[in-house]
Amino acid sequence: MSATTRHQVFTAVHTVGGLLPSDMLLRISEGKDVPGSKPADYGLPSSRSVRDEAERSWEYLKPLWRDLRKHLPEDRVTGLPATDPTGRAVADWLAPLWRELGFGRLTPIHTEGITADSDTEKHFHVSHRWQHALIHQTPWNANLDKRPGGAGPVPPQSMLQECLNRTEAHLWGLLTNGRQVRLLRDSSALATASYVEFDLEAIFDGELFSEFVLLYRLLHVSRFEVVEDAAPSTCWLEKWRTEAIAQGTRALDQLRKGVQQAITILGTGFLKHPDNRDLRETVDVKTFHYGLLRMVYRLLFLFVAEDREVLLSPSAEESAKDRYKTYFSSARLRRHAQRRRGTAHGDLYLALRFVLWGLGNNDGLPELGLPGLGGIFDDTEADKVLHSLSLSNEPLLEAVRALSIVRDTTSKRNRVVDYRHLDAEELGSIYESLLELVPQHNATERTFELVELAGNARKTTGSYYTPSSLIECLLDSALDPVIDDAVKRGEIRATRSGQPDPGPAIVEELLSLTVCDPACGSGHFLVAAARRIAKRVAAVREQNPEPTIDAVRHALHEVVARCIYGVDLNPMAVELAKVSLWLEALEPGKPLGFLDAHVKHGNALIGATPALLAKGTPDDAFKPIEGDDKKIASAIKKRNAAERGGQLSFHTEERIWISNAAFAASLRNITAARANTLCDVRIQSSRFRELEQSAEYLRALHIGDAWCAAFVWPKVQGAPTPVTEGVFRDLQSAGAGIPVNTNEEIIRLAQQYRFFHWYLEFPEVFTVSNVADGDTDPSMEWSGGFSCVLGNPPWERIKLQEQEFFAQRNATIATARTAAARKRLIAELRCTLNGRELYAEFGAAKRRTEGESHFMRNSGRYRLTGRGDINTYAVFTESNRALLDTTGRFGLIVPTGIVSDATTAPFIRDVIYSKQLAAVFGFRNNRGLFKNAGHGDVRFCLITVSGRIGECKSTKFAFDLGLPSELDEAGRTFELSPEDIALVNPNTGSCPVFKTSRDADITLGIY
């Protein structure tokens, strides 16, 4: 993340994609607190400053520019640049410019061009080079982003970018037509263009000397120079980029604190305002906290969309756009926050509320140029707590200041956050930090704050923010092969149907891919996957490996709407994942897409499947858990066994309810509908709610919920009639008389545990087939499935941790010196009135955790990992395999216990011998890849599994890596076939052992 000291530092310098953010460009321009800025670093004597030398070049080049403009004027009719048949621009302008920047005479590249490293048939016709730097000169009238002549070769920008991406020897490049010059870098991991552009016309026509100084400092030959035989990455440009990344990390740390401060300031501001008496008297801390979170994320969305210039409608009148920018924009609010403290008046908040309301209005606010966006701006139940509240200018400006200004502790400078380049990665990092905080309200002082306690949500949910480097590494092995297969299928379809252009068929295949993260958090994996698919879609449409920004943005809008799925147990995470996807896919003038059918709140691990339903209620469902009466549990279990003895055959009409075909057809019609306006999106939403509330869908859900509820049913005196086999069978008959309190208990438990039935939640992905009686493999019970499943699921034992539970509730118990002392204090809670309430809450939490563990051990859904000391990551891994289509892949970041622990041995053995294990790359956490995830030697791995049995003839292994980049190092990665694995260490039976670089054993747990 980057930041700038002013909102608009330069007018003729544009940074795209965050190659070098505006803040770094400002520091380079000033020559302050950045290494390599001294005269000697530019090859100048110490008596002559870099600025003085830039001024000398400026005075020399200005008359050359004026003379060139006389000979190559713009066409007065079209306004387009003149043609330059004699090459005057190169001889009289670019050659002197390169000399002034220290390059001297450039080395022309022979006519065959530069050959790609991995494809000797692929050549890039770059015009010149200087050492490792590529310099491509195009004709004066060429558009850097369009094909020459409108057809044929790819645009110059795309050609040079692809060349840098596909050649190891070239890291940085310069692209120019004489009117603009761009600085590019190898960016093969990015989905969109990334460069810094200098508008030479604006600089020299407008005599913008300060911006020429930046050009001189940034593009001088000394910035590209490296010593003999040194790697290109040792040049000053690369050092500056590394510094910019480090600076962005520091700024992001400060922004996390700023978000926390903003929520605290807004909460206290609302509570203290004299008009908000009802809030003070009825405040529910959890609800209030959620409302404040939504408000802050609305502000962040507004800042990003506005700074990216994608907020206002392109068709709006200029007067309306000017009115918004002058009186209502968040940029204006942020400027006020930098300059003013604020007063007790509330006019700024009223204006902000008006804008937020307009963005959620069907018609937007045409008088301000604002379209109706919906999405995060929709008014929901969570927002009602803030309805009709007043807020003074002072706390609002203080909160905005906390969100927009950060303090760089290294340079000791205040910087304004560069929201133009804030992306899902940084939103995710902010979200992860918020999970470490819990809300506290002081009614006496009328204050609200977020504090860090041991029992915070991040720890109790096992959530860890995932660095982008790991995500990109995982996508290489899990998603890229799926994308490549889709392209091949499109080509085959086009050939078979006789289509001369395979592009439409390929795009159709790509847009039919489905990618899911079952523990999506802030949506970091989903956004990264959407970018990769969208880039390939745009590349096919443009017939250009490095497609233009507009093409990728348009494709992203489609990909997010059609291809992306996510689930999370935390409702705040679900909302934030949607925000991340909306931000990524936002197109000017278009509403935020309908995502409710694809990004959902639920427990991805606890739900029914058709095969399990067909088997009926198992006797083991009624084993006692915390709070149950063992005698009653035993009696219910015996009753269930007796009822199962006469169960009906599921080959009869009783099985009709299992089918999800009707739901799938309805959902496809809803999601495929046109959505060009917010009204269209809301029609989609309304139709979706109708489907969710239809009698048929609710009945199907209720049957699935009832089956799951049997495992966590209260087995005590006076409890409702449990869902034994007879009751479950009756539920499948519409006219059966099920006790009312039994149905109510099923609904209560479904809400408490958030049961999630994949084949009903995403019926368009899973086509339920007929399920025969007997031992049906749950992983084979439906056809279809996701093309790719990705994620970093929670790493947490399914067991209530007493210290974490009591950290927010009773500090004495939480800090007890021993476990025995803690248990004694817990037992003593039953002796006091207030203590009994807390004891009951503890018992309920313990029961819920035991209920989840009981389901995973005894439901039959986790046959390979539902054993021993169950950890969420293990059952997620098995579940994700079952969610895959046979042509798909899943890739997860999980502890290495998935391949080495005895409890997961059946799983790893099964995927190896079915030839589905594609890769296991093991990492140590000694480089701080995961914060707060144990000590530095904690090991985790990137595991990739294919959905197709027999596909992986060998498995790629790498153990004990410290960073993803180490995968490229010779000798760090090796391949073994399943047969090799079985024979690696016959002395240990069938339990192979690998020696790592640190002489530590990594054992594949095939017992």
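**First stop: two loop residues**

Select lysine 915, which lies in the loop between α36 (905-913) and β22 (917-924). Helices and strands are DSSP runs numbered from the N terminus, a helix (H or I) having at least four residues and a strand (E) at least two. The phi angle of lysine 915 is near 55°, a positive value in a residue other than glycine. Lysine 915 counts as partly exposed, at 24% relative accessibility. In this tour, buried means under 20% relative accessible area, exposed means over 50%, and partly exposed lies in between (1.4 Å probe, protein chains only).

The model is predicted, so local features need pLDDT of at least 70 and side-chain atom pairs count only at pLDDT 80 or more, while totals for chains, interfaces and linings use all residues. Residues are numbered from 1 along each chain as its sequence is written, and side-chain values use heavy atoms, with hydrogens and water left out.

Next, select glutamate 309, in the loop between α9 and α10 (318-328). Phi of glutamate 309 is near 60°, again a positive value in a residue other than glycine. Glutamate 309 is exposed, with a relative accessible area of 64%.

**Second stop: the whole chain**

The protein chain contains 37 helices and 27 strands. Of its 1007 residues, 57% count as buried. Contact here means heavy atoms within 4.5 Å. Among contacts between residues at least 6 apart in sequence, 70% join residues at least 24 apart.

**Third stop: the nonpolar cores**

A nonpolar core is a set of buried Ala, Val, Leu, Ile, Met, Phe, Trp, Tyr and Cys residues joined through side-chain atoms within 4.5 Å. Select Phe270, Phe288, Phe301, Trp758, Phe786 and Ile943, the residues with the most contacts inside the largest core, which has 210 residues. Helix α9 (residues 285-307) supplies the largest share of this core, 13 residues. A second, separate core has 54 residues, and Ile28, Phe103, Ala133 and Cys235 are among them.

Now centre the view on phenylalanine 301. Leaving aside neighbours within four places in sequence, its contacts include Leu373, Ile376, Phe377 and Val579. Trp582, Leu583, Leu586 and Leu592 also touch phenylalanine 301.

Side chains of opposite charge can pair when their charged atoms come close. A salt bridge is a side-chain nitrogen of Lys or Arg within 4 Å of a carboxyl oxygen of Asp or Glu. The structure holds 59 salt bridges.

Select arginine 689 and glutamate 692, whose side chains form a salt bridge at 2.9 Å, N to O. Because they are three residues apart in helix α25 (residues 678-692), about one helical turn separates them. Arginine 689 is partly exposed at 34% relative accessible area, and glutamate 692 is partly exposed at 22%. Salt bridges with shared partners join Arg294, Arg298, Asp383, Glu575, Lys578, Asp596, Arg689 and Glu692 into one network.

Move to arginine 179 and glutamate 201, where the salt bridge is 3.9 Å, N to O. This pair links distant parts of the chain, 22 residues apart: arginine 179 is in the loop between β8 (172-176) and β9 (180-185), and glutamate 201 is in helix α5 (residues 200-205). Both arginine 179 and glutamate 201 are buried.

Then select glutamate 53 and arginine 48, which meet in a salt bridge of 2.6 Å, N to O. Glutamate 53 is buried, with a relative accessible area of 13%, whereas arginine 48 is partly exposed at 30%.

Select aspartate 885 in strand β21 (residues 884-895).

The side chains of aspartate 885 and threonine 887 are joined by a polar contact of 2.5 Å. A polar contact is a pair of N or O atoms within 3.5 Å; within protein, one must be able to donate a hydrogen and the other to accept it, and residues adjacent in sequence count only if both atoms are side-chain atoms. Beyond neighbours within four places in sequence, aspartate 885 is in contact with Gly784, Gly785, Phe786 and Gly947.

**Last stop: cysteines**

Finally, select cysteine 520, which is buried at 4% relative accessibility. Its sulfur is 8.0 Å from the closest cysteine sulfur, in cysteine 516, too far for a bond. The structure holds zero disulfides, a disulfide being a pair of cysteine sulfur atoms within 2.5 Å.
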